[in-house]
Amino acid sequence: MQVVKGTQDFMGLQARKWQAVEDVIRQITTVYGYSEIRTPIFEYTEVFKRENDSSDMVNKEMYTFDMGESSLTLRPEGTAGVVRSFVEKKIYGNPAELPAKMYYMGPMFRHERPQKGRYRQFSQFGVEVIGVKSPILDAENIALGYSLVSALGIKNITIHLNTLGDDASRDAYRVALKEHFASHLDELCEDCKRRYEQNPLRLLDCKIDADLECMKSAPKMSDYLTEESKEYFEQVKAALDALEIPYVIDDKLVRGLDYYTHTVFEAIATSDALGAQLAVFAGGRYDKLVEYFGGPAMSGVGFAAGMERLIMMAEAEGNELATDDGIDAYVMCLSNKCLTKALELTTELRASGYIADMDVQCRSMKAQFKSVDRSKAKFALILGEDELANGVVNIKHIATQEQKSVKYEDMIDHIDSYFVVENETCPTCGNPDCTCGK
RNA sequence: GCGAUGGUGGUGAAGUGGUUAACACACCAGAUUGUGGCUCUGGCAUUUCGAGGGUUCGAUCCCCUUUCAUCGCCCCA
């Protein structure tokens, strides 16, 4: 047996890297005042499969199944479930709770061809701010994402920014695009011919036709924005400028889903180690999603980031995320007559906050010392029949090779004494009563 | 969904149509009967070379199928 294609197991150091990234996410979202929302892993299919959605992929890449009552789907993304919950819980009815600032992280599922950094079960972190429409919130969202990648040590981030305007802007632009491309249809690739009918904005995304003359001469969104949309976008940019977050305007950025309105953004990282450009986080404002789920006309803004990619990029830029620091004490047990006492001592160490482990197989002393080395233990505690008879344990401080026979009841004090000495003065601030955090 | 390359112990990997599938690291045991790291000795793939089928006297090797991984395309909510 093996794991299902496109899925993977994490354990040991790898699992700790995940925990490290999750810790950073929790810390950043907390200071931004976002609280966690945990929605189900699967929902009714209609939650993800929206009518009138002209997206290319929504249908065939979802894990949809039917248990006899209704069609269910493993979530392929986080936004839909969050908005569904927001509406179902009628959060919109309590203005005091608006805007609702939420974040989520967890597994998502897409039936795609696996590649490096792209799996069928993968994890996303995302945020959603629903209930208040403000360019300040758009900027705050981007700032949060920027803080996160910075905290992970991912440098060289560029925020690509664009606006799709409001409905009126988009409608006008869509008409202009279709007029422009009508006479160039035979130059376009097959996909683009389909996009021309279904979702003209996506024409701008096409990599195949990107170099065509008619693509370069295509009308620009910025020329079709309403005054209000223009003003909104100006305020987003002004807020980002004030926060000194670097961004570039990318008028080809339209995003895959068609529920986006106004601000859309995508953070691209160029990592030499990965040798390619990769989107780190991406999102935008959506004005109609709350209504789709039966709520009032309320706007939201959010983004999502692939956690596998966050880990890959952080590592590629030299952030190890987690290291193997070893344990504090390894209790060596030399005879099965000592096993119970060894367990008692190990438990006492743990109760005092020391990371402690013990040998339960009564292996040879050599073998047990090897375990001490391998576990990078700071102390080896030796317990054999001699010690048991005398009510003592031999405590060896590995770094200094000092060894002392101490009574059981003095064990913790003896070990504590080494840490007191080590921490007498803080190496950072030199203060014995260090409060600098290290 | 399309194309390319690959799969040999715990790991990195040699290898050949024919007897016991190199080498290294790791691991285990002993030399050293209660003090590790160094050294030496020995052990460690064998109903096995991803899985299934075929050719053959004989297949890890050749052929077919399949599966997984990696890379590219597509797509990336």
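View 1. Strand 14, covering residues 379-383, and strand 15, covering residues 392-397, run antiparallel and are joined by four bridges. In this predicted model, alanine 380 has lysine 396 of strand 15 as its bridge partner. Strand 15 also runs antiparallel to strand 16 (residues 402-407), and six bridges join these two strands. Across this second pairing, isoleucine 395 stands opposite lysine 404, a residue of strand 16. Strand 15 and strand 16 form a hairpin with four residues between the strands, and in this hairpin glutamine 401 takes a positive phi near 65°.

**View 2. Helix 4 packs against helix 8.** Two packed helices are described by the angle between their axes and by the distance between the axes. For helix 4 (residues 135-151) and helix 8 (residues 227-242), the angle is about 40° and the axes lie 8 Å apart. Because of this angle, helix 4 is oblique to helix 8, and the crossing of the two helices is right-handed. On the side of helix 4, the contact is made by Pro135, Ile136, Asp138, Ala139 and Ile142, while helix 8 contributes Tyr232, Gln235, Val236, Ala239 and Leu240. Sorted by class, the residues in the contact of helix 4 with helix 8 are eight nonpolar, one polar and one charged.

View 3. Chain A contains 14 helices and 16 strands. The radius of gyration of chain A is 29 Å, whereas the globule rule gives 22 Å for 438 residues; the value for the chain is well over that of the rule, so chain A is more spread out than a compact globule. Along its principal axes, the C-alpha trace of chain A spans about 95 × 55 × 45 Å.

Note on methods
Residues numbered from 1 in each chain as written. Chains lettered and ligands numbered in written order. Predicted model: local features only at pLDDT ≥ 70, side-chain atom pairs only at ≥ 80, totals over all residues. Axes fitted to C-alpha atoms, helices over the stretch in contact; angles between N-to-C directions. Parallel < 35°, antiparallel > 145°, perpendicular 65-115°, else oblique. Left-handed = near helix turned anticlockwise from the far one by under 90°. Contact = placed C-beta atoms within 7 Å. Nonpolar A, V, L, I, M, F, W, Y, C, P; charged D, E, K, R; others polar. Rg over C-alpha atoms; globule rule 2.2 N^0.38 Å. Pairing = 2+ DSSP bridges.
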